Amino acid sequence: MCIRDSTYSLEGEQSEQAESFAGLIQNYVIALFAIYALLAIPLRSYVQPLIIMAVIPFGLVGAIIGHWFMYFARELFTDQSFNFSMMSIFGFVALTGVVVNSSLVLVHYINERRADGVGLEEAVRSAGVARFRPIVLTSMTTFVGLAPILREGSVSAQFLIPMATSLGFGVIFATFVTLVLVPSGYLIMEDIKALPSRIAGRRTGS
C-alpha cells in the first residue's frame, strides 16, 4: 500500500488576483511588442515607434491621478470608498492602445510635412498647431463618453467604475503630455541622428 504525501493551501481572492496579474503582465508585454511592430512597419523606423509609445507611462500616471480624484470626490458626494483594483489595471491595459493614437497622428503629420520639403522645426511646429484641435477633441469626447459610468451609483456598475476611471483620466492626462513630449522627442531624435555628421564635420574642419 502506497501513501502519497499531499499538501494543501488555503488561498482566496488575493491568490487569484496575483495569478491573473502575472498572466496579464505577460500578455501585456506581448501586446507592447505587437504595437511596436505595427508602428515600425508603416513608419519604416525603429526609433519613431519608441517616441510614440513613450506616452504610455503617462497614461498610467493619469489613471492614478484619476483614482485619487475620484476617491476624494466620492467621499465628498456619496460617502463611499474608491480604491485601485484589478479592474483599474484592465482599464490601463485598454488605455495603452488608445493613448498612442494622438502620438501617431503627430508623428505622421510631421513626416508628411518633411516629405513635402518643409524644415524640421517648421514641420514640428505646424504639426502641433494643425493637430491640436482634433487630438484634444478626440480625447474629450472619449472622456465624456465614459462620464455616465463614472457618475453611476448603482451596485451593478461599481466594478466598472475603476476601469472607466483609468481609461478616461488616463486619456486626458496623456493627451496633454503628448502635445509636449512627442514634438520634443522628435527634435531630440533628429539631433541625435545628426550628431555623428556634426562631429565628422568638426574634425574635417579642424
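These are my notebook entries on a predicted model.

**Ground rules.** I number residues from 1 along each chain as its sequence is written, and I leave hydrogens and water out, with side-chain values resting on heavy atoms. The model is predicted, so I take local features only at pLDDT of at least 70 and side-chain atom pairs only at pLDDT 80 or more, while totals for chains, interfaces and linings use all residues.

**Core.** I looked up the largest nonpolar core and found 36 residues. Such a core is a set of buried Ala, Val, Leu, Ile, Met, Phe, Trp, Tyr and Cys residues joined through side-chain atoms within 4.5 Å. Buried means under 20% relative accessible area, exposed over 50%, and partly exposed in between (1.4 Å probe, protein chains only). Ile56 and Val99 have the most contacts inside this core. Which elements give two or more residues to it? I listed helix H1 (13–43), helix H2 (48–53), H3, helix H4 (86–115), H5 and helix H6 (161–205). H6 supplies the largest share, ten residues. Helices here are DSSP runs (H or I, at least four residues), numbered from the N terminus.

I then followed isoleucine 56. Beyond residues up to four places away in sequence, it touches Tyr28, Leu32, Phe92, Thr96, Val99 and Val100. Contact means heavy atoms within 4.5 Å.

Serine 139 sits in helix H5 (residues 120–150). Its relative accessibility is 4%, so I class serine 139 as buried. With residues up to four places away in sequence set aside, serine 139 touches Ser102, Val171, Ile172 and Thr175.

Histidine 67 belongs to helix H3. Is histidine 67 buried or exposed? I noted a relative accessible area of 5%, so histidine 67 is buried. A polar atom of its side chain lies 2.8 Å from the backbone oxygen of alanine 63.

**Surface patch.** I found a nonpolar patch on the surface made of Phe58, Val61, Ile65, Trp68, Phe69 and Phe72. Together they have about 590 Å² of accessible area. Patch members have over 30% relative accessible area and no salt bridge; nonpolar side chains (Val, Leu, Ile, Met, Phe, Trp, Tyr) are joined within 5 Å, like charges within 9 Å. Areas come from the Shrake-Rupley method with a 1.4 Å probe, and for residues only the protein chains shown count as cover. I checked phenylalanine 58, found in helix H3 (residues 56–77). It is partly exposed at 31% relative accessible area.

**Salt bridges.** How many salt bridges does the structure hold? I counted three. The criterion is a side-chain nitrogen of Lys or Arg within 4 Å of a carboxyl oxygen of Asp or Glu.

Arginine 114 pairs with glutamate 190, the closest N and O atoms being 3.1 Å apart. Arginine 114 lies in helix H4 and glutamate 190 in helix H6, so this pair ties together parts that are 76 residues apart in sequence. Arginine 114 is partly exposed at 33%, whereas glutamate 190 is buried at 12%.

Glutamate 190 also bridges to lysine 193, with closest N and O atoms 3.7 Å apart. The two are three residues apart in helix H6, so about one helical turn separates them. Lysine 193 is exposed at 57%. I therefore logged Arg114, Glu190 and Lys193 as linked in a network of salt bridges.

Arginine 125 pairs with glutamate 122, the closest N and O atoms being 3.0 Å apart. They are three residues apart in helix H5, about one helical turn. Both are partly exposed: arginine 125 at 49%, glutamate 122 at 38%.

Note on methods
Polar contact = N/O pair within 3.5 Å; in protein donor to acceptor, adjacent residues only side chain to side chain.
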